[in-house]
Amino acid sequence: MINYQPTVEERYDWTLEFARRLDAWLAAIILYAVSLYQQEDKLQVFNIINSMDSISDVCIDWEFDQHECQLNWE
C-alpha cells in the first residue's frame with residue numbers, strides 16, 4: 001500500500017462523493033438556521049440558495065488534463 005497511487009478516476013470519484021456529502025451538510029445547517037425565520041424570509045433564503053450551483057455540480061464540470069491530476073507521492 002505504500003506505493004499505491006489512486007487512478008485519476010478514483011480521485012475524481014472520491015472528490016465527487018465528498019462534494020455530495022458537503023452539499024448535504026450545508027443544506028442541513030441552512031435548514032436548521034432558518035427554521036425560526038418567518039415564511040417570507042425562508043422563501044427568500046430558499047430562492048438565493050436554489051439559484052446557486054451545488055458543490056457537486058461544480059465538481060462535475062471540472063475538467064483536468066490527466067497530467068494535472070497526477071499526485072507526486074515521492
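Q: What is the relative accessible area of Trp14?
A: A friendly heads-up first: this is a predicted model, where local features need pLDDT of at least 70, side-chain atom pairs count only at pLDDT 80 or more, and totals for chains, interfaces and linings use all residues. Trp14 is found in helix H1; on a scale where buried means under 20% relative accessible area, exposed over 50% and partly exposed in between (1.4 Å probe, protein chains only), Trp14 is exposed, at 59%.

Q: Which pattern do the secondary structure elements follow along the sequence?
A: Helices (H or I, at least four residues) and strands (E, at least two) are DSSP runs, numbered from the N terminus. The chain has three helices and zero strands. Reading along the sequence therefore gives the pattern α-α-α.

Q: What share of the chain's contacts with a separation of 6 or more comes from residues 24 or more positions apart?
A: Contact here means heavy atoms within 4.5 Å. Take the contacts in the chain with a separation of 6 or more: residues 24 or more positions apart account for 77%.

Q: What percentage of the chain's accessible surface belongs to carbon and sulfur atoms?
A: Areas come from the Shrake-Rupley method with a 1.4 Å probe, and for residues only the protein chains shown count as cover. Of the 74 residues of the chain, 14% count as buried. The accessible surface of the chain is about 6800 Å², and the share of carbon and sulfur atoms is 59%.

Q: How much accessible area does the nonpolar patch with Trp14 and Phe18 have together?
A: A patch is made of residues with over 30% relative accessible area and no salt bridge, joining like charges within 9 Å and nonpolar side chains (Val, Leu, Ile, Met, Phe, Trp, Tyr) within 5 Å. The members of this one are Trp14, Phe18, Leu22, Trp25, Leu26 and Ile29. Together their accessible area is about 690 Å².

Q: How far apart are the C-alpha atoms of Leu16 and Cys59?
A: Leu16 lies in helix H1 and is buried, with a relative accessible area of 9%. Not counting residues up to four places away in sequence, Leu16 touches Ser56, Cys59 and Ile60. Leu16 and Cys59 are 43 residues apart along the chain, yet their C-alpha atoms are separated by 6.2 Å.

Q: Which backbone oxygen does the side chain of Arg11 reach?
A: Lys and Arg count as positive and Asp and Glu as negative, with His and the chain ends not counted. Arg11, in helix H1 (residues 8-33), is buried yet has no salt bridge, and the nearest side chain of opposite charge, Glu10, is 6.6 Å away. At 2.4 Å, the side chain of Arg11 reaches the backbone oxygen of Pro6.

Q: Which side chain of opposite charge is nearest to Asp23?
A: Asp23 sits in helix H1 and touches Ser54, Ile55 and Ser56, not counting residues up to four places away in sequence. Asp23 is buried yet has no salt bridge; at 7.2 Å, the nearest side chain of opposite charge is Arg20.

Notes:
Residues numbered from 1 in each chain as written. Heavy atoms only, no water. Salt bridge = Lys/Arg side-chain N within 4 Å of Asp/Glu carboxyl O. Polar contact = N/O pair within 3.5 Å; in protein donor to acceptor, adjacent residues only side chain to side chain.
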